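I opened this model to look up a few things and wrote down what I found. The entries follow in the order in which I made them.

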Amino acid sequence: MLGLDRKDFILLLVVFALVVLAPFLLNPFPTNSAMAQFNAGYPDLMQRFVIFGIFAIGFNLLFGLTGYLSFGHAAFLGVGSYSAVWMFKLLSMSVVPAIIASVIASGIFALLIGYISLRRTGIYFSILTLAFAQMSFNLAYSVLTPITNGETGLQITLADPRILGVTATESGSIPVTNLLGAEMRSTYIMDVGTWAFQFNVGYYVCAAIMLLAFYVSVRIFRSPFGLMLRAIKANKTRLNYTGLNIRPYTLAVFVISGMYAGLAGGLMASMDPLAGAERMQWTASGEVVLMTILGGAGTLIGPVLGAGVIKYFENIFSKINSSVLESWFAFMPENMQHAAVYVSEHFVGPGWHLTLGLLFMLVVTFLPGGLVEGGQRLSRLFRRKPQKDAARDSTQSNPAE
Amino acid sequence: MSNRLTRRGVLRTGAVAGAGLAVPTIFTGSSARAYTNEPTGSSVTLGFNVPQTGPYADEGADELRAFELAVEHLNGGGDGGMMQTFSEKNLKGNGILGKEVKFVTGDTQTKSDAARASAKSMIEKDGAVMISGGSSSGVAVAVQGLCQEAGVIFMAGLTHSNDTTGKDKKANGFRHFFNAYMSAAALAPVLEKMYGADRKAYHLTADYTWGWTQQESIQAATEALGWETVNNVLTPLAQTDFSSYIAPVLNSGADVLVLNHYGGNMVNSLTNAVQFGLRDKQVNGKNFEIVVPLYSELMARGAGENIKGIPGSQNWDWKLENQMGDRYTGTNAFVQSFGEKYGFPPSQAAHTCYAQTLLYADAVERAGSFDPCAVAEALEDFEFDGLGNGPTLYRAADHQCFKDVVVVRGKENPENEFDLVEIVEVTPREQVEYAADHPMFAGGNLGACNSGA
């Protein structure tokens with residue numbers, strides 16, 4: 001269906017279900033319980049999950065298929081954000097022109113950088129992209145401050161023209177980003193018992209775009225073009241000797257990948273109209289590499305999982321402070337409590353990087369294929385038993401029917 | 001798969017799905033909230049968003065200590081601190097409006113993006129009704145904008161840029177801390193007294209909103225004295241080694257170096273400058289001098305020996321009441337309860353955060369509601385005393401506090417590691433006041449208060 005084979009279609013359906021039901025799935029604990037700390041079902045984080053999912057899907061198209069490791073993808077994310085915010089400043093608060101502009105701008109930018117960087121392969125390509133991204137970051141940070149507003153970040157103000165929209169609302173505040181009048185920030189809160197599930201317009205807009213981006217990526221993976229990209233990854237030299245010029249293919253996928261990053265940047269700005277230079281920093285480029293490898297490079301769902309895990313750590317673990325820890329270990333005698341708090345303190349709060357680093361190390365060492373490989377191993381482990389069970393079930397349940 | 005599709009299965013699935021759809025209509029309570037995060041239970045949540053990593057991490061840690069102390073006092077713990085000296089007596093130690101105060105913390109990483117993400121999760125997930133903190137003006141401006149959009153109150157912590165209550169001011173944002181213009185106005189006469197009216201200044205400036213307005217203010221104030229500005233070089237906030245910026249100073253013909261740096265930045269740039277022997281130099285027949293317009297005890301501690309004799313300005317100092325008298329009542333009460341809890345005197349960052357928390361709590365009590373618009377109204381043109389700075393006004397036109405400014409200098413012979421700064425003089429409030437439409441603050445608009453309803 002939709003031009004996909006059965007396996008891919010089921011995968012798409014699974015992703016669809018996960019994304020649509022995310023407000024429930026990510027909020028498993030009642031609001032007032034101690035475990036509510038681990039709930040991730042609030043609009044901002046859910047938006048980040050899908051937006052960085054898009055970013056990682058796009059990165060995976062380049063890295064997973066061709067093996068070209070770009071260390072400068074954050075530059076495209078930044079360009080997308082800046083273009084989107086400028087659209088909000090100049091045109092209107094509708095997200096449609098902003099997203100279109102961010103994709104086009106980052107596509108053009110990727111074409112420029114790709115044209116130069118793709119003359120080299122391997123480590124030289126990585127260094128070139130890193131250099132370009134760092135240049136873009138420095139330009140945004142301190143040279144192009146009239147366009148980017150430097151470290152403070154580009155924000156919308158009450159003085160912006162917004163020629164197709166309004167400069168200020170009737171009550172004198174800055175208008176909010178919207179899609180055909182539906183405000184991105186509006187959230188419907190469903191109280192079920194002690195649970196509070198949040199359904200946010202912005203999240204579902206991002207989610208719809210992410211599903212589309214995921215679908216397009218599946219199609220690219222399964223297309224002749226995708227096959228050609230895999231051939232490049234397998235052996236460039238042999239491909240060259242068969243008389244094929246690989247550069248149009250690599251440049252095309254580089255630009256597509258850059259446009260995905262730009263789309264993610266545009267969506268980030270649409271959810272929260274601000275663009276900061278730190279979005280372009282090399283750490284941000286490194287983050288998407290981590291996401292892809294953690295989830296499983298070259299797999300369809302891996303990058304999305306990786307993005308989810310890293311964002312979860314960044315937003316949930318970083319907020320566990322020592323007073324929270326004290327309440328967790330309150331059942332222990334005082335000395336042991338202090339010791340436990342002292343030790344675990346280094347792994348949460350500002351130390352969340354450490355926990356993530358350990359997890360990354362474990363995954364890369366024991367599951368080189370990322371979380372997806374972990375999932376496959378688990379399912380292989382359980383598959384044999386269910387088969388036996390199924391056989392027994394059928395023998396037992398048939399008579400009952 | 002299709003052979004599993006039986007009539008019974010379809011019926012069963014249908015019944016389950018129907019029941020599932022019906023559940024929400026049974027349990028769904030009314031979600032109508034009068035304003036963002038209206039506290040309905042027995043407690044109210046405040047969000048403290050401070051830098052725990054990056055160049056301002058020391059300030060952030062001290063701010064967090066002050067917030068915890070303020071919450072303890074509001075809930076009736078400890079000795080009550082400045083609640084005893086505060087000119088308003090609405091706070092009884094029973095929380096705010098009888099609701100127990102709870103708080104959540106977050107790390108801004110001194111990055112606008114991360115700070116906004118952290119503040120958003122406080123508002124959306126933890127139900128914070130007020131956000132406070134911040135130790136970088138770039139972050140403060142970004143978070144203030146977010147709070148305006150979300151409909152919660154932002155009580156700015158340490159933010160010194162003119163823009164926070166100037167070009168980027170917001171109706172939901174309030175600042176107790178002083179600003180770059182006030183620093184310059186207070187510092188200029190002292191600089192003239194110390195170094196004369198014929199000086200050539202070289203500026204190193206942190207490249208973001210605070211650095212820009214700080215440099216602009218100091219340049220304007222010193223040029224009014226007759227000083228000449230030789231050069232202004234912008235340095236990235238993430239910079240840790242300033243050697244390459246210091247070397248050109250030596251050949252520029254300048255005889256004063258103004259370091260528009262703060263926190264870890266300032267500690268590093270000052271150390272580099274001293275290592276290059278700038279302070280032992282004679283230029284134009286005068287001793288070479290270094291000025292650090294925005295000062296703090298924490299920075300002085302970081303810079304150690306190098307800070308001796310270097311002048312700057314502060315919002316508040318823990319020795320204020322002892323040295324300058326009863327006008328600054330509240331100082332000792334705060335220093336005592338902070339010192340008892342943590343074992344050392346508080347920094348000005350801690351002081352402003354503590355004061356902001358009390359001011360917010362008091363405004364809620366006076367307004368009788370947590371509604372941001374009611375709280376904002378209670379804070380506007382509010383005159384108070386007893387929070388350590390003397391009589392203070394929260395001006396309605398730009399939500400900026402006006403109070404005396406402390407001019408300080410690195411102490412030559414400190415008695416202990418907390419006594420690194422000596423007070424040179426206190427500049428009275430009248431001398432640092434300005435019109436709300438002053439050119440350095442123009443271009444902004446408070447807009448309308450947003451309660452998120």
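**Entry 1: domains of chain B.** I looked up the domain assignment of chain B, which gives domain 1 (43-178 + 320-403) and domain 2 (181-314). Domain bounds of this kind come from an automatic or database domain assignment. I noted that the C-alpha centres of domain 1 of chain B and domain 2 of chain B lie 29 Å apart. Their contact takes 17 residues from domain 1 of chain B and 18 residues from domain 2 of chain B; two residues are in contact if their C-beta atoms, placed from the backbone, lie within 7 Å. On the side of domain 1 of chain B that touches domain 2 of chain B, the elements giving two or more residues are α2 (57-74), α4 and α12 (348-367) of chain B. Helices (H or I, at least four residues) and strands (E, at least two) are DSSP runs, numbered from the N terminus. I sorted the residues of that side of domain 1 of chain B into five nonpolar, eight polar and four charged. Here Ala, Val, Leu, Ile, Met, Phe, Trp, Tyr, Cys and Pro count as nonpolar, Asp, Glu, Lys and Arg as charged, and the others, Gly among them, as polar.

**Entry 2: numbering and model.** Residues are numbered from 1 along each chain as its sequence is written, and chains are lettered from A and ligands numbered from 1 in the order in which they are written. The model is predicted: local features need pLDDT of at least 70 and side-chain atom pairs count only at pLDDT 80 or more, while totals for chains, interfaces and linings use all residues.

**Entry 3: chain B against chain A.** I found 36 residues of chain B in contact with 35 residues of chain A. On the chain B side, α1 (7-27), β2 (100-107), α3 (112-124) and α4 (137-150) of chain B each give two or more residues. The largest share of that side, seven residues, comes from α3(B). The residues of the chain B side divide into eleven nonpolar, 16 polar and nine charged.

**Entry 4: S217(A).** I placed S217(A) in helix α8 (residues 201-222) of chain A. Is S217(A) buried or exposed? S217(A) is buried because 24 other C-beta atoms lie within 10 Å; the cut-offs are 20 or more within 10 Å for buried, 12 or fewer for exposed, and partly exposed in between. Leaving aside neighbours within four places in sequence, S217(A) is in contact with I57(A), L61(A) and L300(A). The C-alpha atoms of S217(A) and I57(A) are separated by 7.2 Å, and the two are 160 residues apart along the chain.
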